[in-house]
Amino acid sequence: MTERMGIRAIREHVGDRANAAHYLGEHTIVERNGRPFAVLVPYAWWEQRQNQEGQGASTP
């Protein structure tokens with residue numbers, strides 16, 4: 001599932017959306033002025049994409 005939220009709303013719900021990304025694999029599109037601005041994705045998803053592109057991922 002992909003959720004869309006305005007930048008102001010994400011400020012209030014970033015913890016919930018981070019949990020949804022990590023535990024449920026959900027992506028959140030962050031919008032500013034009704035246009036896509038950024039995306040919150042699960043770390044495992046991002047890490048997989050980095051490895052596919054040969055860029056590797058640094059583990060915190």
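How many aromatic pairs does this structure have by the rule that ring centres of Phe, Tyr and Trp (its six-membered ring) lie within 6.5 Å? The count comes to one aromatic pair, and I shall describe that pair in a moment.

Good morning, colleagues. What you see above is a predicted model, in which local features need pLDDT of at least 70 and side-chain atom pairs count only at pLDDT 80 or more, while totals for chains, interfaces and linings use all residues. Residues are numbered from 1 along each chain as its sequence is written, and side-chain values use heavy atoms, with hydrogens and water left out.

Let me begin with the overall layout. The protein chain has two helices and three strands; these are DSSP runs, with helices being H or I of at least four residues and strands E of at least two, numbered from the N terminus. Read from that terminus, the order of elements is β-α-β-β-α. Along the principal axes, the C-alpha atoms fill a box of roughly 35 × 25 × 20 Å. Of the 60 residues, 23% count as buried; buried means under 20% relative accessible area, exposed means over 50%, and partly exposed lies in between, with a 1.4 Å probe and protein chains only.

I turn now to the strands. Two strands are said to pair if DSSP finds at least two bridges between them. E2 and E3, by contrast, run antiparallel and are joined by five bridges, with Thr28 partnered by Leu40 of E3.

How do E2 and E3 stand with regard to burial? Five of the six residues of E2 are buried, so E2 is largely enclosed by the rest of the structure. In E3, the number buried is zero of six residues, so E3 lies largely in the open.

The connection between these two strands also deserves attention. E2 and E3 form a hairpin with two residues between them. Asn33 lies in this loop, between strand E2 (27-32) and strand E3 (35-40). Most residues other than glycine have a negative phi. Asn33, however, has a positive phi, near 55°. At 75% relative accessibility, Asn33 counts as exposed.

Next come the salt bridges. Side chains of opposite charge can pair when their charged atoms come close. The rule asks for a side-chain nitrogen of Lys or Arg within 4 Å of a carboxyl oxygen of Asp or Glu, and by it there are two salt bridges. One joins Glu31 to Arg4, at 2.6 Å from N to O. This pair links distant parts of the chain, with Glu31 in strand E2 and Arg4 in strand E1 (residues 2-6), 27 residues apart. Glu31 is buried at 18% relative accessibility, whereas Arg4 is partly exposed at 47%. The other salt bridge is between Arg17 and Glu26, at 2.9 Å from N to O. Here Arg17 is buried, with a relative accessible area of 11%, and Glu26 is buried at 11% as well.

Finally, I return to the opening question. A pair of aromatic rings is described by the distance of the centres and the angle of the planes. Planes under 30 degrees apart count as stacked, over 60 as edge-to-face, and the rest as tilted. By this rule the count is one aromatic pair. Tyr43 and Trp46 form it, and it is tilted, with 5.6 Å centre to centre and 40° between the planes.

Why are Tyr43 and Trp46 separated by about one helical turn? They are three residues apart in helix H2 (residues 43-52). Tyr43 is partly exposed at 37% relative accessibility, and Trp46 is partly exposed at 33%. Together with Trp45, Tyr43 and Trp46 make a nonpolar surface patch of about 280 Å². Patches of this kind are made of residues with over 30% relative accessible area and no salt bridge, where nonpolar side chains (Val, Leu, Ile, Met, Phe, Trp, Tyr) are joined within 5 Å and like charges within 9 Å; the areas come from the Shrake-Rupley method with a 1.4 Å probe, and for residues only the protein chains shown count as cover. Lastly, the C-alpha atoms of Trp46 and Glu26 are separated by 12 Å, the two residues being 20 apart along the chain.
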